[in-house]
Amino acid sequence: MFPPVTRAPHSQYRPLRLAAIGAACAVLAACGGSDRPTTELQAAQINTIGVNSYLWRGALDALSFAPLASADSAGGVIVTDWYANPSNPNERVKVMVTILDQDLRADALRVAATRQVVQGTGWVDAPVQASTVQKLEDIILTKARDLRRQAVAS
């Protein structure tokens with residue numbers, strides 16, 4: 001039906017292949033230069049944990065007064081165990097901090113607190129003032145910003 005196709009030996013294509021590879025390398029080498037753009041890397045993105053490292057460290061520092069029940073850096077959740085101030089042993093608090101993002105922003109932080117007081121022979125839940133939670137959020141954010149400033153300055 002069709003006449004047989006005769007092909008040249010592969011050795012004839014070798015110079016052509018080498019020329020094509022050389023041209024591709026020359027084009028790629030011309031694309032880049034030795035000067036790399038200098039940008040300030042977002043320090044919040046350079047971490048090995050799943051959340052903003054400054055918020056994480058700021059939260060751990062702010063909650064250092066209470067024993068930790070759990071700390072999950074990948075999920076960004078810190079939960080303290082119950083803490084009773086020695087000057088007021090009839091009241092105790094438990095705090096949960098959730099870091100929601102890798103950016104250092106106020107809306108990347110959620111703080112929840114539970115308070116209990118002694119009533120009779122046991123502990124009962126008591127309301128937590130919103131200002132208490134807000135103050136704790138502010139402390140964590142301030143510590144996180146200070147940590148970032150220190151890292152950028154060094």
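How accessible is Asp103, and does that count as buried, partly exposed or exposed? I looked it up: Asp103 has 24% relative accessibility, so Asp103 counts as partly exposed. The cut-offs I use are under 20% relative accessible area for buried, over 50% for exposed, and partly exposed in between, with a 1.4 Å probe and protein chains only.

**Ground rules**

I am working with a predicted model, where local features need pLDDT of at least 70, side-chain atom pairs count only at pLDDT 80 or more, and totals for chains, interfaces and linings use all residues. Residues are numbered from 1 along each chain as its sequence is written, and side-chain values use heavy atoms, with hydrogens and water left out.

**Entry 1: the overall layout**

I found three helices and five strands. Helices (H or I, at least four residues) and strands (E, at least two) are DSSP runs, numbered from the N terminus. Along the sequence I read the pattern α-α-β-β-β-β-β-α. The protein has 154 residues, and 21% of them are buried. I also checked the contacts (heavy atoms within 4.5 Å). Of those with a separation of 6 or more, 42% come from residues 24 or more positions apart.

**Entry 2: salt bridges**

I went back to Asp103 and looked for its partner. Asp103 forms a salt bridge with Arg105, with the closest N and O atoms 3.8 Å apart. The criterion is a side-chain nitrogen of Lys or Arg within 4 Å of a carboxyl oxygen of Asp or Glu. Arg105 is partly exposed, because its relative accessibility is 37%. I then saw that Asp101, Asp103, Arg105 and Asp107 are linked in a network of salt bridges.

How many salt bridges does the structure hold? I count six. Among them is the pair of Lys143 and Asp61, whose closest N and O atoms are 3.2 Å apart. This pair links distant parts of the chain, as Lys143 sits in helix H3 and Asp61 in helix H2, 82 residues apart. Lys143 is partly exposed at 27% relative accessible area, and Asp61 is partly exposed at 41%.

Arg149 and Asp146 form another salt bridge, with 2.7 Å between the closest N and O atoms. Both lie in helix H3, three residues apart, about one turn of the helix. An α-helix has 3.6 residues a turn, so residues three or four places apart point the same way. I noted Arg149 as exposed, because its relative accessibility is 53%, while Asp146 is partly exposed at 32%.

H3 has 24 residues and reaches 35 Å from its first C-alpha to its last, close to the 34 Å expected at 1.5 Å a residue. That expected span is 1.5 Å times one less than the number of residues. Which residues of H3 are buried? They are Val133, Leu136, Glu137, Ile140, Leu141 and Ala144. Their cover includes H2, E3 and E4.

Next I looked at the largest nonpolar core, which has 19 residues. Such a core is a set of buried Ala, Val, Leu, Ile, Met, Phe, Trp, Tyr and Cys residues joined through side-chain atoms within 4.5 Å. Val97, Ile99, Leu109, Val111, Leu136 and Ile140 have the most contacts inside it. Helix H2 (53–62), strand E3 (91–99), strand E4 (109–119) and helix H3 (130–153) each supply at least two residues of this core. I picked Leu109 and listed what it touches: Val97, Thr98, Ile99, Glu137, Ile140 and Leu141, not counting residues up to four places away in sequence.

**Entry 3: strands and a buried threonine**

Two strands pair if DSSP finds at least two bridges between them. E3 and E4 run antiparallel, joined by nine bridges, and Glu91 has Val117 in E4 as its bridge partner. Five bridges join E4 to strand E5 (residues 122–126), again antiparallel. E4 and E5 form a hairpin with two residues between them, and Gly120 in the turn has a positive phi of about 70 degrees.

My last stop was Thr80, in strand E2 (residues 77–80). Is Thr80 buried or exposed? Thr80 is buried, because its relative accessible area is 1%. A polar atom of its side chain lies 2.9 Å from the backbone nitrogen of Val95.

How values were computed: A polar contact is a pair of N or O atoms within 3.5 Å; within protein, one must be able to donate a hydrogen and the other to accept it, and residues adjacent in sequence count only if both atoms are side-chain atoms.
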